[in-house]
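Here are my notes on the model, as numbered points. Please read them beside the coordinates.

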Amino acid sequence: MSANSVSAVSTSERIVIKVGSSLVTNEGRGLDLQAVEQWATQVAALHELGKQVVLVSSGAVAEGMARLGWARRPHTMHELQAAAAVGQMGLIQAYEVAFARHGLRTAQILLTHEDMADRRRYLNARTTLYTLLSLGVVPIVNENDTVVTDEIKLGDNDTLGALVTNLIEAETLVILTDQAGLFDSDPRKNPQAKLIATARAGDPALEEMAGGAGSGIGTGGMLTKVLAARRAAHSGGHTVIASGREPEVLLRLARGEYIGTELRAELPVRSARQRWLANHLRLRGKVVLDEGAVRALLEGHKSLLAIGITAVQGDFERGDVVACVNPEGYEVARGLINYSASDTRRIMRQPSHKIAEILGSMSDAELMHRDNMMFTTVALQ
Ligand SMILES: Nc1ncnc2c1ncn2[C@@H]1O[C@H](COP(=O)(O)OP(=O)(O)O)[C@@H](O)[C@H]1O
Ligand SMILES: N[C@@H](CCC(=O)OP(=O)(O)O)C(=O)O
């Protein structure tokens, strides 16, 4: 049992709540309208308690399939995207109607990984969410499935929930799912599995426990929830993983009851800029550093210079986020690079005073400035 006497939800003013596919659909066949209604009722009650809530809800693909009369989940990307586009209408309508019964307005926020990766769009999304919350509106977030390709898809809404938690610096992320919480092994496979009541977010042992695949309806499984907790902890957010089938689960958590698993944020909190760098889930490329450059970065606290680069991988532009890997290929840092991949290839192994001669001009003496860098000796994903 935890040393903390009350659930993190009860002491939080800003909460992100993620409801998984299994909780808002009838086993993947269309929306469960009663379920949507009761989520709205519980969120409305949290509002009454003065809490700000952002809801991250799955269900678009399942509802789209039902509306299009498709019995089986399609396999092609364009059919999944079409289903999501049709189904998102139903999802948001259902929430709008349900929240309106409690006198609450809702807003639809569709996000992609690219929105988080572009600093301006990231800041815009943040401002919009803050504005909606201050207006008393309940933002309902989903991934913008229609425009994302396989390579850039977040795919599971656990990751999206954590990114939103970081974005608005929510104190708690509640991930509701079809199991009572995180068990020490998959309870579907091991009936003896024991529930973990509390643990430290980011503890690597949790990732091993969560190794199994998901329910088949959802996409993430438990591993994405454990990784989401680690990500949320970087902005100081605690994560509660609990069963959405527990009666009045949100209300009881808000009253302080311990339900499911609470993963406490005890990691050092990163600055907003460092989090943004860390949350670039897909990097544009890599630069390989020699031993001297690795030491200069990690021990000398210096910026990265072109002379320490031995190879360049990928195709990136100035301003993209690029990983710095050591000679063994392990990421030691990531940050905003000041030169494109083709220019970096031309100036690598060269001292900075040669840059102008080689490229015709020099925009920056450093390849990557220390202020625009985040150290990832233990990489995020
Ligand atoms: N250690 C574990 N504890 C609990 N559930 C686990 C564990 N490992 C794997 N799972 C599986 O993860 C599933 C929940 O993930 P998922 O189906 O993606 O749900 P959701 O749609 O709510 O995101 C559970 O039904 C369970 O079978
Ligand atoms: N964006 C998708 C949801 C993705 C998904 O299934 O997420 P999850 O519930 O985390 O497994 C949809 O609305 O259908």
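This is a predicted model: local features need pLDDT of at least 70, side-chain atom pairs count only at pLDDT 80 or more; totals for chains, interfaces and linings use all residues.

1. Residues are numbered from 1 along each chain as its sequence is written, while chains are lettered from A and ligands numbered from 1 in the order in which they are written.

2. Domains. The chain is assigned domain 1 (8–275) and domain 2 (283–375). These bounds come from an automatic or database domain assignment. The C-alpha centres of domain 1 and domain 2 are 37 Å apart.

3. Strand β1. Residues 14–19 form β1. Helices (H or I, at least four residues) and strands (E, at least two) are DSSP runs, numbered from the N terminus. Five of the six residues of β1 are buried. A residue counts as buried if 20 or more other C-beta atoms lie within 10 Å of its own, as exposed if 12 or fewer do, and as partly exposed in between, with C-beta atoms placed from the backbone.

4. Neighbours of β1. Two strands pair if DSSP finds at least two bridges between them. β1 pairs with β2 in the parallel sense, over six bridges. Ile15 stands opposite Val53 in β2. β1 also runs parallel to β5 (residues 172–177), joined by five bridges. There, Val16 faces Leu173 of β5.

5. Nonpolar core. Which residues touch the most other members of the largest nonpolar core? They are Ile17 and Val174, in a core of 105 residues. Such a core is a set of buried Ala, Val, Leu, Ile, Met, Phe, Trp, Tyr and Cys residues joined through C-beta atoms within 7 Å. Helix α5 (residues 77–100) gives the largest share of this core, nine residues. Domain 1 and domain 2 each supply at least three residues to this core. In soluble globular proteins, nonpolar side chains tend to be buried together.

6. Residues are in contact if their C-beta atoms, placed from the backbone, lie within 7 Å. Leaving out residues up to four places away in sequence, Ile17 touches Val43, Val53, Leu55, Val56, Val174, Leu176 and Leu250.

7. Annotated positions. An unreviewed UniProt entry lists Ser58, Asp145 and Asn157 under "binding site". They are spread over 100 residues of sequence but cluster in space, with a largest C-alpha distance of 11.2 Å. UniProt positions are given in the numbering used here, feature names are shortened, and annotations may be inferred rather than shown by experiment.

8. Ser58 and Asn157. Ser58 sits in the loop between β2 (52–57) and α4 (60–68). Ser58 is buried because 26 other C-beta atoms lie within 10 Å. Asn157 belongs to helix α8 (residues 157–168). Asn157 is buried too, because 26 other C-beta atoms lie within 10 Å. Its contacts, not counting residues up to four places away in sequence, are Lys18, Val56, Ser58 and Glu143.

9. Five-stranded sheet. An open sheet has the order β10-β9-β11-β12-β13, with mixed pairing. The edge strands, each pairing on one side only, are β10 (309–314) and β13 (373–375). Twist averages 20° from one strand to the next. Strand β9 (residues 285–289) runs antiparallel to β10, joined by five bridges. Val288 has Ala311 in β10 as its bridge partner.

10. Helix on the sheet. Helix α13 (residues 291–298) lies across β9, β11 (321–325) and β12 (331–336). Helix α13 runs at about 70° to β12. Axes are lines fitted to C-alpha atoms, for helices over the stretch in contact, and angles run from 0 to 180 degrees between N-to-C directions.

Note on methods
Two residues are in contact if their C-beta atoms, placed from the backbone, lie within 7 Å.
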